[in-house]
Amino acid sequence: MANGAKGVLFVVSAPSGAGKTTIVRKVISQLPGVSLSISCTTRAPRPSEQEGVDYFFITREEFSAMEQAGRFIEWAQVHGDLYGTPRANLEKLRHGENLVLEIDTQGARKIREVFSDGVLVFILPPSLEVLKGRLQARGGDSEEAIAARLHNAQEELDQMAWYDYIVVNKEIEEATRQLASIIIAEQCKTARVLTKG
Ligand code: 5GP
């Protein structure tokens, strides 16, 4: 298997506000042996967010030092802030743990280059109108930030064709069930079971 990994690497992308974080967290709480990769970001925490749970909130200087030391497997600028996946997070794969990366489409492309057998899932909001309503209801983002996220959403949607799976989040329980099913089915693939030994 690529990179000597034993666990399965899942990438989940979605336009901001599509419900990705809620769905991913529900799935992880339901499935044993699946954990979440916590990213580093230079974005300020939202009121409900916790250090080390949602992100590691770091300064631009810290981010740049980590980047220069090669400590990110991928990183990208999103909505003006920097986000990166610490290389160390991927260690879990070597120990047979399955890992979910909640990252944007730029990051997903980089991961696909490095982990050819990673599984890419795109979560789609039912419509841009619904997305706007969810972004406004979430709080913590300014009107400008919401407008930028909506603009970015269109660009993200243009990327979904090269993902392996698409989950439409019309209803959270159903979308959660679909993502969990994808994760379970991928673990049962013949090639993965046989190479795991
Ligand atoms: P938010 O600020 O809403 O938490 O996230 C903004 C965007 O950054 C989302 O699309 C999210 O998936 C993405 N993101 C979060 N962490 C990472 C990361 O480590 N790498 C990349 N490339 N994108 C990330």
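1. The shell around the ligand divides into six nonpolar, six polar and seven charged residues. Here Ala, Val, Leu, Ile, Met, Phe, Trp, Tyr, Cys and Pro count as nonpolar; Asp, Glu, Lys and Arg count as charged; the others, Gly among them, count as polar.

2. This is a predicted model: local features need pLDDT of at least 70, side-chain atom pairs count only at pLDDT 80 or more, and totals for chains, interfaces and linings use all residues. Residues are numbered from 1 along each chain as its sequence is written, and side-chain values use heavy atoms, with hydrogens and water left out.

3. The ligand is surrounded by 19 residues. The closest are Lys20, Ser39, Arg43, Tyr55 and Tyr83. A residue is near if one of its heavy atoms lies within 4 Å.

4. Look next at polar contacts (pairs of N or O atoms within 3.5 Å). A side-chain N or O atom of tyrosine 55 is 2.6 Å from an oxygen atom of the ligand. Glycine 84 places a polar backbone atom 3.2 Å from a ligand oxygen. For glutamate 102, a backbone N or O atom lies 3.4 Å from an oxygen atom of the ligand. The protein buries 95% of the 510 Å² that the ligand exposes when taken alone (Shrake-Rupley method, 1.4 Å probe).

5. Strand 5 (72–78) and strand 6 (81–86) each supply at least two residues of the shell around the ligand. Strands are DSSP runs of E, at least two residues, numbered from the N terminus.

6. The C-alpha atoms of the protein fill a box of roughly 50 × 40 × 30 Å, along the principal axes.

Key. A polar contact is a pair of N or O atoms within 3.5 Å; within protein, one must be able to donate a hydrogen and the other to accept it, and residues adjacent in sequence count only if both atoms are side-chain atoms. Helices (H or I, at least four residues) and strands (E, at least two) are DSSP runs, numbered from the N terminus.
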